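Student: I have a structure open and would like to learn how to read it. Can we go through it in short questions and answers?

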Amino acid sequence: MTQKCVHPDPTPAAESPGTTAPPPKADMSSRTADGRLLSHSVRALRNRDFALFWSGALVSNTGNWLSNLTVPYVLFQLTGSALWTGLASLAQFAPQMLLTPLAGTLADRLDRRRFLVLTQVLMALAALGLWATWMFIAQPRSDAYALLALVAVSGVLQGLNLPSWQAFVNDLVPRTDLRSAITLNSVQFNASRSLGPAIAGAILAAFGPSVAFAVNAGSFVFVIIALLAVRLRLARPARRPRKETGFLPALAYVRREPGIMMAIGISFLIGVLANPILQFSVIFAETVFRVGPVSLGLLNASFGLGSVLAAPLIAGSVWRRASITRVGLLMQGGGLLTFALAPNVYVAMAALLVMGAGFLASISCAITALQMIVTEAFRGRVIAVRIMIYSASFPIGALIQTALADQLGPRPVVSVAGALLIATGLLVTWGRPARALARLDDDNGDAV
């Protein structure tokens with residue numbers, strides 16, 4: 001992603017040292033600014049506790065993405081149906097959508113670290129269940145249903161875990177480092193999205209699904225150790241009256257904040273149109289490009305790699321969040337459309353590289369906007385609102401697109417999804433939609 005793809009903030013503070021500086025000093029200033037950009041993008045890692053949390057999460061999420069690719073791969077091998085890969089998404093994300101109101105309330109009332117340790121231990125046990133199911137259940141059709149059931153159990157635990165997980169980042173860094181921390185949190189997620197599928201492809205080709213499931217279960221040890229080792233920067237907030245801690249007040253608060261509404265809307269759109277790429281990477285690898293699990297892993301690794309490469313520009317950027325989001329939508333749409341029409345797997349990898357960069361740009365800006373706008377009293381519950389709606393978008397998009405792919409073929413379906421993302425990116429460039437998108441740059445949160 002190059003700088004010409006985004007629009008800089010037209011009013012940056014102290015962008016140049018003076019108006020009379022000769023050209024050589026301007027060049028030096030540019031190089032210094034580039035250095036500051038990279039330094040600012042990783043500044044949250046200077047905080048010991050965030051660095052521990054980030055490292056443990058990177059290992060654990062790498063194992064999680066290893067499993068996320070293995071499950072639809074195995075289901076497609078067992079059933080030969082694209083719809084079954086969509087059902088896996090439904091089993092994973094429907095419980096998250098239903099449980100996040102409760103989880104958001106718990107995130108604002110309970111000790112977040114202790115709650116995260118508990119949910120991570122239970123998620124590790126669910127991952128062990130996936131391994132045991134694959135190892136010891138013999139009938140292929142029974143395998144498919146049993147796998148869906150275990151994925152649903154993991155979805156329940158993830159739904160309880162996610163609001164506390166995202167709110168926990170705010171407990172580890174000062175507000176001046178929050179944008180860097182949020183983006184780095186997205187980076188570790190997408191770095192794991194790059195590493196996990198690449199490792200999954202190699203393991204599936206060499207050892208089979210049982211080893212892939214076992215590695216995922218073992219990866220939870222790292223994040224549990226990290227959670228036990230961190231020291232929190234913030235004390236837990238004082239307990240509030242019950243009427244102030246319910247979910248309905250949080251919904252009312254969200255409706256009053258147009259920036260948060262826009263962040264949630266962008267997340268939903270990406271979930272419906274772009275996120276089914278995980279399922280379609282399996283379908284395209286099997287039926288369009290006719291490649292094995294190694295190439296399948298590299299396809300998904302390309303998406304994650306694009307996110308990682310874009311991270312320094314986003315985390316340390318002076319550009320407005322609205323501008324970055326707009327470009328991110330166009331990049332996702334262009335990458336998805338190119339993937340749909342790709343003549344071979346190599347062009348598809350390049351397309352997913354671009355798409356991954358656009359995904360990180362849009363999603364990280366949406367999450368950052370929400371965290372910067374929300375007041376601390378509602379943080380966990382407002383994050384839960386976003387997760388609930390974003391989680392709903394996964395099965396909606398996956399089920400609709402995979403069902404259509406069974407009828408029409410995968411290329412036309414993915415092409416339309418890419419075209420719709422491009423159209424959205426163009427729509428929010430002018431007029432009232434552009435002014436609505438600009439509310440992502442609001443900053444009304446508590447200076448905690």
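Predicted model: local features only at pLDDT ≥ 70, side-chain atom pairs only at ≥ 80, totals over all residues.

Student: Is Leu-125 buried or exposed?
Tutor: Leu-125 belongs to helix 4, residues 112-136. Helices are DSSP runs of H or I with at least four residues, strands are runs of E with at least two, and both are numbered from the N terminus. Buried means under 20% relative accessible area, exposed means over 50%, and partly exposed lies in between (1.4 Å probe, protein chains only). At a relative accessible area of 52%, Leu-125 is exposed.

Student: How many salt bridges does the structure hold?
Tutor: Side chains of opposite charge can pair when their charged atoms come close. The rule asks for a side-chain nitrogen of Lys or Arg within 4 Å of a carboxyl oxygen of Asp or Glu. The structure's count of salt bridges is nine.

Student: Which side chain meets Asp-49 in a salt bridge?
Tutor: Asp-49 is buried at 11% relative accessibility. The N to O distance is 2.4 Å, and the partner is Arg-48.

Student: How many residues apart are Asp-108 and Arg-381?
Tutor: Their side chains meet in a salt bridge at 2.8 Å, N to O. The pair links distant parts of the chain, with Asp-108 in helix 3 (residues 82-109) and Arg-381 in helix 14, and the two are 273 residues apart.

Student: Which residues are linked with Asp-108 in a network of salt bridges?
Tutor: Asp-108 also meets Arg-112 in a salt bridge, at 3.6 Å, N to O. Both Arg-112 and Asp-108 are buried. The network links Asp-108 with Arg-112, Asp-171, Glu-376, Arg-379 and Arg-381.

Student: How many aromatic pairs are there?
Tutor: A pair of aromatic rings is described by the distance of the centres and the angle of the planes. Rings of Phe, Tyr and Trp (its six-membered ring) pair if their centres lie within 6.5 Å; planes under 30 degrees apart are stacked, over 60 edge-to-face, and the rest tilted. By this rule the count is eleven.

Student: Why is the pair of Tyr-253 and Phe-378 given its class?
Tutor: The ring centres are 4.8 Å apart and the planes stand at 10 degrees, so the pair is stacked. It links distant parts of the chain: Tyr-253 in helix 8 (residues 247-256) and Phe-378 in the loop between helix 13 (345-373) and helix 14 (379-408). Tyr-253 is buried at 8%, and Phe-378 is buried at 16%. The class rests on that plane angle of 10 degrees.

Student: What class is the pair of Phe-289 and Phe-339?
Tutor: Phe-289 is buried at 12% relative accessibility, and Phe-339 is buried at 0%. Phe-280, Phe-284, Phe-289 and Phe-339 form one aromatic cluster. For Phe-289 and Phe-339, the centres are 6.3 Å apart and the planes are at 85 degrees, so the pair is edge-to-face.

Student: How many residues of helix 10 are buried?
Tutor: Phe-280 and Phe-284 are among the buried residues of helix 10. The helix is mostly covered, and of its twelve residues the buried ones number nine.

Student: Is Arg-290 buried or exposed?
Tutor: Arg-290 sits in the loop between helix 10 and helix 11. Its phi is positive, near 55 degrees, in a residue other than glycine. With a relative accessible area of 65%, Arg-290 is exposed.

How values were computed: Residues numbered from 1 in each chain as written. Heavy atoms only, no water.
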